[in-house]
Amino acid sequence: MLVVLHPLLKAFIIGIISSAVIIPFTFTKFYKSLELRFYDQRLKLRPLRNATDKVTLIAIDDESIKTLGRWPWSRDKHATLIDTLTSLGAKNIIMDIEFLEESPATLPKEMVDDTLKEVKERLYRLQSLSNLPGMQHTEPSGHPSSSLLEETGAMEKTLEGMLKDYDKELSESIALSERTYLAFHPVEPLPRQSSLRHFYPTLKKIIIQEDAINTEELAARLSLNKKQLKELGEYLPSLKKHILLEQVEEELRKNTDISPEELKQLVVWKDMDELQEAYRKARLMQYVEDRFGKEIKVIVPFSQIQPCPAPYLEVPISPLLEHSKEIGHVAILPDEEDGVVRSVPLLIQRNHKYFLHLALMAVGDYLGVGNGGLVFYPGKSLSLFSASGKEIKIPVNSSGQALIDFAGRSGHLGWQDSFTIISYRLPLELSSTRRDLTLLQEALDQKYTRGSISRLRQTLSTATSPEEKDKLEEQIITKEKELEAFIKLSIEKTRALHLVAEGEKKEQLAATLKEMKQELFALTRLKEREKAPSSYLRERVEGKICLVGTLFTGGTDFYPTPYDPSSPNIILYCNLINMVLNESFIKYDKQKYNLPILATLGTGTAVITMAVGSLRGGGALAGLIGLYLGISFSLLAYFGIWLHAAGPLIAMITSYTAVTVYKQLTEERMRRQIKHLFEHYLHPTVVNELIKDPKKLRLGGERKELTVYFTDIQGFTPMAESMRPEELEKLLNAYLSTITDIILQYGGTVDKFEGDAIMAFFGAPVDQKDHAIRACKAALESLKALEQLKSQFIKSGWPPIRARTGINTGTVVVGNMGTKTRFDYTVIGDSVNLAARLETANKALQSSILIGPETFEQVKSEVLCLYLGLIHVKGKTRAIEVYEPIATMQEATPKEVEMGRLMYAGIKYYQNGNWKLASEYFSRVLEIRPNYGPASVYSKKCHENMERPPRPDWTGEIVMEEK
């Protein structure tokens with residue numbers, strides 16, 4: 001048995017199939033890249049995120065490079081920076097600079113010492129020469145000895161600088177700071193995108209057994225292609241070092257006291273230097289794990305995806321590690337699909353120990369997150385428990401990566417407008433000013449107060465307890481004020497002595513007074529130079545998390561982000577800190593939500609398209625797409641929820657296309673056939689209804705309440721006799737076209753034309769609850785149209801025409817009437833006949849439109865209808881009340897409303913036999929509208945009844961003799 005499926009069920013099946021086809025596509029790299037683009041656009045269009053004022057970026061910018069010289073700088077500058085930031089009250093100092101190697105030695109120390117000794121002896125001789133009697137006065141400017149003196153002095157400073165241990169200086173600054181965080185990065189044997197990762201276990205096994213094997217031999221044994229061979233040649237040296245390091249670490253775990261010599265017997269490596277380097281690094285890794293590795297509580301076991309692995313860590317040199325407060329990794333993992341950085345790995349794992357991201361490490365300490373204050377829910381969140389007990393949940397994926405909630409806005413490099421940025425050179429300039437001030441203060445202190453300030457500062461440098469340091473700093477400040485006051489007092493005393501002194505004594509006092517004024521001026525100016533930048537920097541540094549990183553043009557630490565094609569890495573760290581402090585996060589997309597949404601929208605689109613058709617379905621599709629994009633944007637912008645946009649959009653478009661194609665191949669073909677067969681003898685409305693539901697092609701009808709509409713031209717027969725046929729045809733076409741268009745405009749169905757008459761109905765084949773109101777409004781609109789046609793007809797030499805309309809509402813039978821081979825869509829029933837009788841009754845009442853009582857009940861709130869009494873039409877046993885619509889309630893004038901009241905009262909008096917009073921009411925109506933036919937008819941009948949009273953059984957009805 002053939003089963004015919006309902007169209008909506010077919011649509012549902014098409015939607016399910018379309019969605020099922022799309023779902024595998026959502027796992028492809030192309031789809032992920034497309035979805036990431038949608039994500040970026042939504043991210044850039046959302047409202048600006050607030051940036052915390054607790055983060056300050058110390059930028060190694062172009063100004064700093066211009067002032068301090070070519071990058072990289074010697075580490076004494078970083079030491080000075082840390083000292084200055086510490087003195088300004090920075091809460092944390094995060095150095096996004098990796099100190100992986102010791103500072104390079106330009107020359108051997110012995111050579112520098114010997115050269116420096118020789119230079120100092122030469123400088124001494126030159127100075128002695130310049131101090132010979134008369135030399136300092138007679139030697140002209142530019143004399144060779146003067147140039148040699150300057151050059152030799154500069155050489156001495158350069159050589160002394162070579163002997164400085166910059167690493168030690170930096171280490172001491174880090175130790176004194178007690179708030180400095182250093183950066184490191186994890187290293188894998190092969191990059192994530194390398195095609196050789198699959199071969200790594202085999203490579204490792206071969207290299208362990210044969211460390212001297214070359215690239216070609218390895219490639220042959222592994223059957224590598226040309227591209228893989230080239231890649232192997234690039235990575236083989238580093239691969240061997242990693243594999244050796246892994247071996248050494250494995251042996252150290254077995255025996256922590258093993259020596260390099262003993263290791264030599266256990267590994268195949270012949271190069272002792274390489275072995276000792278691996279041994280040193282393995283020991284360093286052990287130290288790093290023991291001191292800095294974190295124990296993190298993991299709630300559920302890991303899936304196959306784990307936090308970023310760290311086979312090897314590139315960490316700072318030992319002197320710096322020993323004194324840093326903490327270290328944190330700075331791994332960057334751009335999305336494989338397009339290389340854009342949207343997330344940061346919060347933690348990496350090595351030998352069951354965890355290392356946090358540098359920025360997260362610092363902000364965790366800022367919030368007081370201690371040991372045991374971290375809980376990791378893979379694929380859900382990394383929870384931070386602050387000192388106050390508050391839990392901050394950072395949404396993460398299964399590998400511990402968190403999406404960055406950027407503090408930026410569309411059209412801007414968001415980082416430039418979001419965070420406080422200070423040029424690196426400013427703290428160094430402040431430090432230089434402070435150094436000059438300190439040297440001057442100590443020199444004046446030695447001269448005037450016998451070195452008390454210097455001794456206090458020396459004591460402060462060795463103090464350990466905070467209380468002692470605070471006390472000594474207060475004493476130094478007091479002594480500095482006393483020194484300045486002493487100099488001012490000395491100036492006053494010297495000035496007083498100078499006023500009374502004479503001769504050589506007066507000259508000596510004048511010179512002393514001048515010298516003291518110069519000293520005080522220098523001291524005052526240096527304090528002023530120190531005060532403004534100190535206040536500026538303290539406001540931006542004190543109590544803040546300070547991040548130090550590169551922003552200069554040409555720097556290498558730049559990656560594309562959704563906001564900027566080249567954004568500095570340090571800004572990612574600022575944003576990570578910002579989103580933790582503000583608790584503003586973005587949750588990763590989840591397939592368990594996205595796939596059901598995709599299937600639901602795909603199937604829903606298919607059903608809607610089948611239900612409403614392809615054209616309106618296209619509008620519905622556009623609406624659904626707009627609605628879904630709006631919802632997904634709002635969820636991301638205001639709730640941090642990332643719903644996929646690409647998949648659902650593709651599913652909706654695919655389902656719409658599939659249904660449209662199906663309809664085109666099946667139902668559209670049937671529609672064309674139906675339209676071709678019936679458009680010549682059925683009304684287009686009916687044809688469209690048949691197209692929507694071909695089952696209506698069967699003979700028969702249904703009972704339904706409709707409003708039937710009859711209209712024709714008054715006095716058409718004599719008009720036709722007086723006009724030429726071709727002129728009559730033009731007039732009739734103009735009239736019928738105008739009235740038909742109005743009927744169709746109001747949703748009516750034109751049943752047939754009979755000469756000048758039109759039969760129509762409202763409420764079928766399309767259901768219309770307001771069919772009666774539509775019919776009346778169409779009739780009123782037709783009267784207005786005829787008034788406009790009148791001038792056109794007069795110009796053409798045609799007589800003006802007047803139409804009569806009868807409207808009745810009631811139950812009829814509507815459907816296809818006729819034979820199996822020839823039928824028409826029409827209405828039959830008593831209500832149809834009554835509508836025709838009402839059209840004829842207009843002649844007796846001299847009215848334009850007549851409606852029956854059922855129609856009146858449905859339109860009286862919308863249309864102003866005048867009561868025209870009782871008429872007895874032919875074929876009816878009882879008289880009915882009739883009404884004439886004259887205007888819609890919105891358009892009715894007060895005079896027309898008054899006409900309705902007067903007509904009703906007049907007809908009631910007429911029906912009660914009070915013809916004189918009734919006549920007065922009709923006269924008042926005619927005063928308002930002199931040509932109003934029904935008032936004239938009733939007025940005439942009043943006079944006739946007064947002259948010849950009717951029979952006693954008279955009821956006031958008007959009997960219609962004509963059909």
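Tutor: Helices (H or I, at least four residues) and strands (E, at least two residues) are DSSP runs, numbered here from the N terminus. The model is predicted, so local features need pLDDT of at least 70 and side-chain atom pairs count only at pLDDT 80 or more, while totals for chains, interfaces and linings use all residues. Residues are numbered from 1 along each chain as its sequence is written, and side-chain values use heavy atoms, with hydrogens and water left out.

Student: Let's start with one residue. Is Glu 251 buried or exposed?

Tutor: Glu 251 is found in helix H11. A residue is buried under 20% relative accessible area, exposed over 50% and partly exposed in between, with a 1.4 Å probe and protein chains only. Glu 251 has a relative accessible area of 17%, so the word for Glu 251 is buried.

Student: Which residues is Glu 251 in contact with, leaving aside its neighbours within four places in sequence?

Tutor: Contact means heavy atoms within 4.5 Å. With neighbours within four places in sequence set aside, the contacts of Glu 251 are Leu 263 and Leu 266.

Student: H11 also meets helix H9. Which helices do the buried residues of H9 pack against?

Tutor: In H9 (residues 200-209), the buried residues are Tyr 200, Leu 203, Ile 206 and Ile 207. Seen down the helix axis, these buried residues fall within an arc of 130°, so they line one face of H9; the arc is that of the directions from the axis to the C-beta atoms. On the other side of H9, Pro 201, Lys 205 and Gln 209 are exposed. The buried residues of H9 pack against helix H10 (215-222) and helix H11 (226-254).

Student: What joins E5 to E9, and which residue does Pro 309 stand opposite?

Tutor: E5 and strand E9 (residues 347-350) run parallel and are joined by two bridges.

Student: Which residue in the turn between E9 and E10 has a positive phi?

Tutor: E9 and E10 run antiparallel, joined by four bridges, and Leu 347 has Leu 356 in E10 as its bridge partner. In E10, Lys 353 and Phe 355 point one way and Tyr 354 and Leu 356 the other way, and all are buried. The two strands form a hairpin with two residues between them, and the turn residue with a positive phi of about 50° is Asn 351.

Student: In the open sheet of four strands, which residue in E11 does Val 298 stand opposite?

Tutor: That sheet has the order E4-E11-E12-E13, with mixed pairing. Strand E4 (297-298) and strand E13 (391-395) are at the edges with a single partner strand each, so one side of each is left without a neighbour. E4 pairs with strand E11 (residues 374-377) in the parallel sense over two bridges. Opposite Val 298 stands Phe 376.

Student: Now the open spaces. What volume does the largest pocket have?

Tutor: On a 1 Å grid over the protein atoms alone, a cavity is a set of points where a 1.4 Å probe fits but cannot get out; a pocket is an open set with protein on both sides within 12 Å along at least five of seven lines, and lining residues have an atom within 4 Å of a point. Points are joined across faces, edges and corners, and a volume is the space filled by probe spheres set on them. For the largest pocket, the volume is about 2,300 Å³.

Student: Which residues that line the largest pocket are the closest to its centre?

Tutor: The lining of the largest pocket has 47 residues. The closest to the centre are Asp 83, Ser 87, Arg 434, Leu 460 and Glu 473.

Student: How many charged residues does the lining of the largest pocket have?

Tutor: Ala, Val, Leu, Ile, Met, Phe, Trp, Tyr, Cys and Pro count as nonpolar, Asp, Glu, Lys and Arg as charged, and the others, Gly among them, as polar. Helix H17 gives the largest share of the lining, ten residues. By class there are eleven nonpolar residues and 15 polar ones, and the charged residues number 21.

Key: Pairing = 2+ DSSP bridges.
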